[in-house]
Each structure stands twice: as C-alpha cells, then as structure tokens.
Amino acid sequence: MVKLFPLNNSTKLFIISFLVLVLAKPNAAKSVVNFGARPDGRTDSTQAFQKAWSWACRSTRPVTLIVPHGKFVVRPMFFNGPCRKQVTLRIKGTIIGPSDYRVLARSSVWLMFYNINGLVINGGTLDARGHDFWSCRHRIGYCNNGAQSISFVSCKNVVLNGLKSLNSQKSHMSIKNCNKINLNHLTLRAPSGSPNTDGINVQHTNHFTIYGSLIKTGDDCIALGPGTQNAVINKIACGPGHGISIGSMGNSLREAGVENVVVSNVGFWKTTNGVRIKSWARPSNSFVRGITFRNLNMYNVYNPIIIDQKYCPNNQCPHQNSGVKISNIKYINVKGVSRTKEAIIFTCSPSNPCTGIKLKDVRLTFGNKPAISKCSYARGSSRGKVTPRSCLY
C-alpha cells in the first residue's frame, strides 16, 4: 500500500501552475509567408496578407501573425474585425508601398484597421515611399488624394510598440472613434518639406496615450481633433514639423470638444509652432478645456505658446467670431528659445474670451534677447517666474 504524504501550500501551488501550463492552449503563430507572401521587395503580397489576417481574425484562441525579415509589397488593404480573440502582429521586416505612387494615392488609407477589440502590433517598419507623391504635389498641386499610412477606426484596446513609419504620403497615422489606444516608442519620419505629413491625427477617441516617441514630419507632430478626451502625451521628441496642436476646432456649428489632455516632457526642435490651440473664426458650440502643458523645452521654435482663434491657413477666412470656448489651460515649466519675438500669443475670441489660462515658471527668450507676449481677450493668471511678462488680465 502506497503511503501518501500531505502536501504543503507551496507544493500545491507548483502542481497547479504546472498543470495550467501543460493543459493551456498555446498561442497559435503563423507567418505571412505561409499564406504566400514573398519578402523580395517586388512581389505583390496583398492577397497573402489578406488571407493571413482572415485566418488570424477567425481564430478561437489568441494568435500571433508574423511578418518576418525582408520587404513585403502591399497595396491598400483593410484589416477588418470584429475578431474572435486578440491578434498580435509581430513585424520583423518592412512593409512597403508599391513603386507606382498612384496605387496608394488613389486611396485615402494604406493600411486600415477597422472594428477590432484587442490588437497588439510589435516592431517593424512601414515605408509608403511617398517621395514621388510629394514631388507631384510640388509640381502640379493635386495628385489624387494621397494615403495615410495606417489608420485605426472604431477600435478598442490597441497597443503599438516600437513601430516605425517612414515617408507617408500624407499623415503617418490616424485614430478615429476609438477607445484605449496605447502607443509606445514609435518613430515617425518624413522630410520637413513633405506636405501634410502629420505624425498622428486623433479624433473622437477616449483614452489615448503616446509615450517615448520620435516624430519628424512636414506638418503637425500630433494633432488632437474634435471629440478627443483623456489623452496623455509624454516624452516626445518633435521636430521638424508644426508642433503639437489641438484643433483645428470650429469646423462646424455642432462639434464635439476636446478635454482632459496632458502634454508633458516634450522637446521641440525648430518647429513652426510649439503647443498650439487653433479654431476657425466662425460660430460653433465646441470647446477646449482641461488642458495641461508641462515640462516643455523649445529649441529655436517659432510661436512656442500660441492660441489662435482666427485660424485661417489658406486665406479663405470666415471673418467672424469663434464660438469655440477655451478654458482651464495650464502652461507649467516651459523654457527655451523662440525664433519669433512674440513667444506667447493668445488670440482669443471677442465673443468667447479664453478663461482660466495659467502660466507658471515659463522662461522663453528671443534668441539672446527678451521675448514679448501678446494677448487679445485672454483671461487668466501667472505664478512663479514668467518671462516674457504675462499679458493675461
């Protein structure tokens, strides 16, 4: 007769953990090469990627889809949900656009992720090869729509780690109607002269975060548009580009506002703006409120701090008063060098003055000379050492 010894708690825990590991189904993993993709930089692998995504999205357990080393040519495509379980896309190689720029330019988006709950994208490079498109824009003006490189629409619980996007025809990334989007250690690059190559555009999205990223573009590094709530932007290097913007707001009479945003620990290098809030001068029920800009460094930046409620980029100005209500905006520990004498500009609406603007420990110079501030219909206060002297009332 076998004598059984009593098991202590540590032994029981070990046995349970071992059984969980043995009995649990491992994550399935397949390479896009298994579905016919070829990493030669010439073969069109769009259909293979589509088949691979269909397999991953139908899986009844979490899956990993691998893009191995090499260059994969992909035309515009949709990664549609809903998927049954979480999908992880592990990119080791480079996904490149077709050599004929018109293939992407005729579409508004290159890689579209739609209606997905639970997506992780790790590593890899996207290269839209936008040079020919930009060249056409400079020569002719209109060259089809141009494509955003990657877009997330109606998605939830999305995490991107270490993704690199190069040479987007237009925006590198757009995020719309999403919830819980977490971006880490991204690199977004396009030449300073490339038109409309925003880094990231966000609209109608709740709980958006970006951390530890490098953005060099020909337009806004990050633009938060109508309907953006609870956003955190932390540890970003921005420039060249147009800085970090909220807006443009007031495009329509009825429009969702932007609220609860923190922008912190950002360096701006030779950008055309630092942190900017912009709205059209026309009636609107929209708003911008509860915004904090903290720990910002300006390195030869035009317009380091600016609110512009007479935004009019193409000289087609409404010539009205902006209805967008701007309130409770904080600028804390902002320092550096402005390339414009007016380092702080608050141009607010005569019919809806800005309220609750707070400046604390702001130190901006115009090269080696003193800078100045300029205010119109801007109400608020200052604390600590603020240079140039505050013009708020």
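1. Strand β17 (residues 200-203) and strand β19 (residues 222-224) pair in the parallel sense through 3 bridges, where strands are DSSP runs of E of at least two residues, helices are runs of H or I of at least four residues, both being numbered from the N terminus, and two strands pair if DSSP finds at least two bridges between them. Within this pairing, asparagine 201 faces alanine 223 of β19, and valine 202 stands opposite leucine 224 of β19.

2. This is a predicted model, in which local features need pLDDT of at least 70 and side-chain atom pairs count only at pLDDT 80 or more, whereas totals for chains, interfaces and linings use all residues. Residues are numbered from 1 along each chain as its sequence is written, and side-chain values use heavy atoms, with hydrogens and water left out.

3. Strand β14 (residues 173-176) also pairs with β17 in the parallel sense, here over 4 bridges, and isoleucine 175 has valine 202 of β17 as its bridge partner. These strands belong to an open sheet of 11 strands with parallel pairing, in the order β5-β8-β11-β14-β17-β19-β21-β23-β25-β27-β30. Its edge strands, each of which pairs on one side only, are β5 (77-80) and β30 (372-376). Neighbouring strands of the sheet are turned against each other by 15 degrees on average, direction ignored, with axes taken as lines fitted to C-alpha atoms (for helices over the stretch in contact) and angles running from 0 to 180 degrees between N-to-C directions.

4. Which residues of the largest nonpolar core touch the most other members? Of its 94 residues, they are Phe113, Phe152, Phe208, Tyr331 and Phe346; a nonpolar core is a set of buried Ala, Val, Leu, Ile, Met, Phe, Trp, Tyr and Cys residues joined through side-chain atoms within 4.5 Å, and buried means under 20% relative accessible area, exposed over 50%, and partly exposed in between (1.4 Å probe, protein chains only). Helix α2 (residues 46-58) gives the most to this core, with 7 residues. Apart from this core lies another, of 7 residues, among them Ala105, Phe133, Cys143 and Ala190.

5. Phenylalanine 113, not counting residues up to four places away in sequence, touches Phe79, Leu89, Leu119, Ile121, Ile150, Ser151, Phe152, Val153 and Cys155, where contact means heavy atoms within 4.5 Å.

6. In helix α4 (residues 131-139), Phe133, Trp134 and Cys136 are buried. These three residues lie on the same side of α4 because they cover an arc of only 160 degrees around the axis, the arc being that of the directions from the helix axis to the C-beta atoms. On the other side of α4, His138 and Arg139 are exposed, while the cover over the buried residues includes α3 (101-105). Glycine 141, whose phi is positive, near 110 degrees, follows α4.

7. Two buried serines in strands may be set side by side. Serine 213, in strand β18 (residues 206-216), has a relative accessible area of 4% and is therefore buried. The side chain of serine 213 reaches the backbone oxygen of tyrosine 211 at 3.1 Å. Residues up to four places away in sequence aside, serine 213 touches Asn184, His185, Leu186, Lys235, Ile236 and Ala237.

8. Serine 327 lies in strand β26 (residues 325-338) and, at a relative accessible area of 12%, is buried. Leaving aside neighbours within four places in sequence, serine 327 is in contact with Val288, Arg289, Gly290 and Thr355.

How values were computed
Polar contact = N/O pair within 3.5 Å; in protein donor to acceptor, adjacent residues only side chain to side chain.
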